Amino acid sequence: MLAATADLARRWLGVLRADLWTLRADPLPPSLWLRWFPHGLLCLVAFGVSFGAVAQLGSDGGVGAQLSLLIGLAQGGAVLLALWRPVPAWWLSMAAMLVGAVEVRRRLLAGGAHAFTWPWSSAGIVGLLAVLLLLALRVPTRVSAEALALTALLTYAVQGLWGAADYTPTGVLTLILSTVVVVLGTALRGRREARAELVEQTTLTAEERARRTLLEERSRIARELHDVVAHHMSVISIQAQVAPHLVERPSPELVENLEGIRHNALEALTELRRVLGVLRSENPEDPYGLGNPGTGAAPDAPQPTLDRLDALIENTRAAGLDVTAGVKGRARPYPPGVELSAYRIVQEALSNALRHAPGSEVRVEVAHQPAGLRLAVTNSRPDRPVPPSAGAGHGLLGMRERAAMLGGTVTAARTPAGGFTVSAFLPRDGTPAALPPDPAPTGDPTP
């Protein structure tokens, strides 16, 4: 039984030491409506406490001038200190009370301080109430209750157990007022925390509303894209399939070109369905719609990977562009996001070459490196000037965004021969990594 009691006492002492034996700073923030007015008011209270304590202790209490000044400065300084460090300020206020009570008791017993307020002076009570209010406003309720309990215990020990003679007791009044102040400060603190939680919940609700609005807008865009683009692409595919039957003896070149048009239209429809799936996705953190393994969030059709680069290059050649390709290093598996971004970057670079550099020679290089995948698409000078097109630069921006999301980079610059080159590096695991040096060029095509 004694061992359990001793263990419980040690635990309580440990809790008290952690809560009250601290110099932790906790500044009083400015008021929402009054700004710094409460701080200025407390500075006036501190001055009044110091001035009143010096006057009371020196004239009515019979305390020496130097000691009364020291006690008054300590009690007023406790109020100022509570603006930044409420727990140390409470200790300072209690220490000032003890020193004053000891000196005034000596005067009371000697008959030199008739009917003086003891152990708390009037100024000391005001200073203590200000400190306890600031303490309750900024520390947990348990800490405020502990400080109030120790104040009551110390007051009882001084007045009830130690005692004095010919004095006006202030212990009960001090404890009643201190309890009221602590309860008021705790209530205000709880109200402030509840308001902060309400503001946070309101912010979350607004974010959810904005997210829902975004999803609705994405769905609307998806429907419009489907209505506008899918219909026309389907018509193109059907017309390309039917066109050879409208000619009595279609040439092989015509059949091949129409078949290419139909194939590209069908592939564009497939890509459109994937884009619509992304727009309709409820997970904006998964921009490719790949989903996590086992979640069922992945699209039904596989996303394009590096294995389809050859088909992409062949389609570009069929469109009339002279394209050569080279691969360095041994191919290794990459995350789906890396392979998809690599495919899209090459696709966009070839599309740019088709639009802005007709008749040029294009070189596609893929280098598998230990740190990641490096891509380079370089075209020579076009054989004829091309008028500027609307939306120029958006493709490069999209490539950079894809690479940046994976921790990679994309650079684009003109070549000395008058062409253009797009270089990209994608880290192997899709996270930022140290970029290796550019591989030695295999030759820049010249016009």
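## Annotated spans

The UniProt record, an unreviewed entry, lists "transmembrane region" for residues 36-55, 67-84, 115-135, 147-165 and 171-188. UniProt positions are given in the numbering used here, feature names are shortened, and annotations may be inferred rather than shown by experiment. This is a predicted model, in which local features need pLDDT of at least 70 and side-chain atom pairs count only at pLDDT 80 or more, while totals for chains, interfaces and linings use all residues. Residues are numbered from 1 along each chain as its sequence is written, and side-chain values use heavy atoms, with hydrogens and water left out.

Two of the listed spans can be described further. Residues 36-55 are 95% helix and 0% strand, and the C-alpha atoms at the ends of this span are 29 Å apart. Residues 115-135 are 67% helix and 14% strand, with end C-alpha atoms 32 Å apart.

## Overall make-up

The protein has 11 helices and 7 strands. Helices (H or I, at least four residues) and strands (E, at least two) are DSSP runs, numbered from the N terminus. Of its 447 residues, 37% count as buried; buried means under 20% relative accessible area, exposed over 50%, and partly exposed in between (1.4 Å probe, protein chains only).

The accessible area of the protein is about 25,600 Å², and carbon and sulfur atoms supply 64% of this area. Such areas come from the Shrake-Rupley method with a 1.4 Å probe, and for residues only the protein chains shown count as cover. Among contacts in the protein with a separation of 6 or more, 74% are between residues 24 or more positions apart. A contact means heavy atoms within 4.5 Å.

## Salt bridges

Side chains of opposite charge can pair when their charged atoms come close. The count here is 9 salt bridges, each being a side-chain nitrogen of Lys or Arg within 4 Å of a carboxyl oxygen of Asp or Glu. One of them joins Asp-19 and Arg-142, at 2.9 Å from N to O. This pair links distant parts of the chain, with Asp-19 in helix 1 and Arg-142 in helix 6 (residues 141-162), 123 residues apart. Asp-19 counts as buried, at 8% relative accessibility.

Arg-142 also forms a salt bridge with Glu-146, where the closest N and O atoms are 3.9 Å apart. Both Arg-142 and Glu-146 lie in helix 6, and their 4-residue spacing is about one turn of the helix. Glu-146 is buried, at 7% relative accessibility. Through shared partners, Asp-19, Arg-142 and Glu-146 are joined into one network of salt bridges.

## Glu-103 in helix 4

Another salt bridge is formed by the side chains of Glu-103 and Arg-106, at 2.6 Å from N to O. The two residues both lie in helix 4, 3 residues apart, which is about one turn of the helix. Glu-103 counts as buried at 14% relative accessibility, whereas Arg-106 counts as partly exposed at 48%. Apart from its neighbours within four places in sequence, Glu-103 is in contact with Val-63 and Leu-67.

## Aromatic residues

The whole structure contains 4 aromatic pairs. Rings of Phe, Tyr and Trp (its six-membered ring) pair if their centres lie within 6.5 Å; planes under 30 degrees apart count as stacked, over 60 as edge-to-face and the rest as tilted. The rings of Trp-21 and Trp-91 have centres 5.8 Å apart and planes at 80 degrees, so this pair is edge-to-face. Trp-21 lies in the loop between helix 1 (2-20) and helix 2 (37-60) and Trp-91 in helix 4 (residues 86-109), so the pair ties together parts 70 residues apart in sequence.

Trp-21 is exposed, with a relative accessible area of 65%, and Trp-91 is partly exposed at 34%. Together with Trp-90, Trp-21 and Trp-91 form one aromatic cluster.

## A nonpolar surface patch

Ile-238, Val-242, Leu-246, Val-247 and Leu-254 form a nonpolar patch on the surface, with about 440 Å² of accessible area together. Patches are made of residues with over 30% relative accessible area and no salt bridge, with like charges joined within 9 Å and nonpolar side chains (Val, Leu, Ile, Met, Phe, Trp, Tyr) within 5 Å.

Leu-246 lies in the loop between helix 7 (171-242) and helix 8 (252-279), and counts as exposed at 70% relative accessibility. Leu-266 is found in helix 8 and is partly exposed, with a relative accessible area of 34%.
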